[in-house]
Amino acid sequence: MLLDTASLYFRAYFGVPETVRAPDGTPVNAVRGLLDFIARLVQDHRPAALVACMDADWRPQWRVELIPSYKAHRVAEEIADGPDEEETPDTLGPQIPVIEQVLDAIGLARLGAAEYEADDVIGTLATRATGPVDVVTGDRDLFQLVDDARGVRVLYPVKGVGSLDTYDGAALRAKYGVDGSGYADLAVLRGDPSDGLPGVRGIGEKTAAKLLAEYGDLAGIRAAAADPVSRLTPAQRTKFKEAAAYLDVAPTVVRVARDLPLPDADLTLPRTPRDPERLEELAGRWGLGGSLRRLLEAMAG
């Protein structure tokens, strides 16, 4: 089980009231919400291995160089010699180090890679896996990893952190008209305002799916756009011609990396905490109470 950790703690933050606070009054709604979510996942799915995948760089420069608008609207502060600072709610930012400390004390594997996003870590681990993989994320971009032959599914939270939709190949085809292998091309064509990806003007999700069904993939559609006798309309040809520069680079930005040199780590879901004393200290300081207890009980179960 691979967790898109930032996606999940953002959802926890907005799904759990800010009145959930530590003894000193600091909000810990994201911390406790995430722990409850992981407890539920462990209890319901019993994964043999679980990894909290992290954004070492939420907006990698190599993606920005290809598409400068990539996540640009989410930049709080540009940093000259490191990752830009992401705009986050004032009371969420201070909770992120607490989340990392608690996960480490519990002994849950936590992996990131310099100059890459959590999506890329997830793509690499899913590609390496020799057995079934569940990817837990609220980010549709990771639908591109769905692969029935390899048993890779996406568990997508639909309400807070308590309800999940399961996306396998059939569910993807039913909703989007493409398999996992075609989803990245669909995302390129459709664009995504939340990531600053413009897409091809006038090509929405349904049109993109129809074109992919007819021409196979993005390369096939572009070949058809260049072929004067293909069935594309003159207007569609014009749109693809205008979008040529974007389409040259967008697939590299949208597709997750699958071959990162990740450090060796024990990904096994622990039965007991790695550092019980540190965990007890953190639990007391931050008032983790029932949320932590439920996770530890689920792990031991």
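Which residues touch the most other members of the largest nonpolar core?

Tutor: A quick word on the ground rules: this is a predicted model, where local features need pLDDT of at least 70 and side-chain atom pairs count only at pLDDT 80 or more, while totals for chains, interfaces and linings use all residues. Residues are numbered from 1 along each chain as its sequence is written, and side-chain values use heavy atoms, with hydrogens and water left out.

Now, your core. A nonpolar core here is a set of buried Ala, Val, Leu, Ile, Met, Phe, Trp, Tyr and Cys residues joined through side-chain atoms within 4.5 Å; buried means under 20% relative accessible area, with a 1.4 Å probe and protein chains only. The largest one has 56 residues, and Leu 2, Leu 189, Phe 240 and Leu 247 touch the most other members. Helix 7 (residues 180-190) gives the most to this core, six residues; helices are DSSP runs of H or I, at least four residues, numbered from the N terminus.

Zoom in on Phe 240. Skipping neighbours within four places in sequence, Phe 240 is in contact (heavy atoms within 4.5 Å) with Leu 189, Val 200, Ile 203, Leu 211, Ile 221, Ala 225 and Leu 247. There's also a second, separate core of 41 residues, including Ile 38, Ile 96, Leu 288 and Met 299.

Stepping back, buried residues make up 49% of the 301 in the chain. Among contacts with a separation of 6 or more, 66% come from residues 24 or more positions apart. As for overall dimensions, the C-alpha trace spans about 70 × 40 × 35 Å along its principal axes.

Technical notes: Buried means under 20% relative accessible area, exposed over 50%, partly exposed in between (1.4 Å probe, protein chains only). Helices (H or I, at least four residues) and strands (E, at least two) are DSSP runs, numbered from the N terminus.
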